[in-house]
Amino acid sequence: MDRFRSQASQESKDMGLTEKLVQIRRVAKVVKGGKRLAFSALVVVGDGTGRVGADLGKAREVPEAIRKAGAAARKSLVRVPLIEGTIPYAVIGRYGSARVLLKPASPGTGVIAGGSVRSVLDAVGVKDILTKSLGCSNPTNVVRATIKALGSLEVPEEAIARRKGAPTAEKGAENG
């Protein structure tokens, strides 16, 4: 499996995205003649400046599963607002029975995260953050919970202006 990791963490050619392989699983389908073996790959894709996506790919061969997962992850990119290398405020993401707590941290703290959560945060470009994975430890659910949490973040000033109906800084510059 290690020889495939180097292949999966290369730069993507199209948008400057980095692929990171999180998990490979061997799956078996039982048919009349025996078992049909295949592989399932979980890949996280990010540009390091606030965009991240993740998805599963399944195929009979490992490289094909990784390629499919990367292509599917590129289609599901999410924009994440970053302020000075961290997130604007604490948030909890839920997916299935997995819960992930993300808290902003002061500069110099680093990425305090385990396994699957770290893969997502490295891909998005977060430099300082505190995290805690709660509930199930299934990498697929943890990655999806992390992306759901990051996708729910908004820049506080823009969110308040939108709720009040006031023009945001960029809209004000266009009108005036």
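The protein chain comprises 176 residues, of which 39% count as buried, and its secondary structure consists of 6 helices and 8 strands. Among contacts between residues at least 6 apart in sequence, 54% join residues that are at least 24 apart. The confidence of the prediction, expressed as pLDDT, averages 87 over the protein chain, and 86% of the residues score at least 70. Over residues 1-13, by contrast, the pLDDT is below 50, although in the model this stretch has 21 contacts beyond near neighbours in sequence.

An open sheet is formed by 4 strands, arranged in the order β1-β2-β3-β4 with antiparallel pairing. Its edge strands are β1, which covers residues 18-31, and β4, which covers residues 78-79, each of them pairing on one side only. Within the sheet, strand β2 (residues 34-46) and strand β3 (residues 51-59) are paired in the antiparallel sense over 8 bridges, and Ser 40 stands opposite Lys 58 of β3. Two helices are found packed on this sheet. Helix α2 touches β1, β2 and β3, and its direction makes about 145° with that of β3, whereas helix α4 (residues 139-151) touches β1, β2, β3 and β4, with its direction at about 155° to that of β3.

Helix α2 itself spans residues 62-75 and, with 14 residues, reaches 20 Å from its first C-alpha to its last, which is close to the 20 Å expected at 1.5 Å a residue. The buried residues of α2 include Val 62, Ala 65, Ile 66, Ala 69, Gly 70 and Ala 73. Seen down the axis of α2, its buried residues fall within an arc of 135°, so that they line one face of the helix.

In strand β1, attention may be drawn to Gln 23. With a relative accessibility of 15%, Gln 23 counts as buried because this value lies under the 20% cut-off. Leaving aside residues up to four places away in sequence, Gln 23 touches Ser 40, Ala 41 and Leu 42, and also Pro 139 and Thr 140.

Notes:
Residues are numbered from 1 along each chain as its sequence is written. This is a predicted model: local features need pLDDT of at least 70, side-chain atom pairs count only at pLDDT 80 or more; totals for chains, interfaces and linings use all residues. Side-chain values use heavy atoms; hydrogens and water are left out. The expected span of a helix is 1.5 Å times one less than its number of residues. Buried means under 20% relative accessible area, exposed over 50%, partly exposed in between (1.4 Å probe, protein chains only). The arc is that of the directions from the helix axis to the C-beta atoms. pLDDT is the predictor's confidence in each residue, from 0 to 100. Contact means heavy atoms within 4.5 Å. Two strands pair if DSSP finds at least two bridges between them. Axes are lines fitted to C-alpha atoms, for helices over the stretch in contact, and angles run from 0 to 180 degrees between N-to-C directions.
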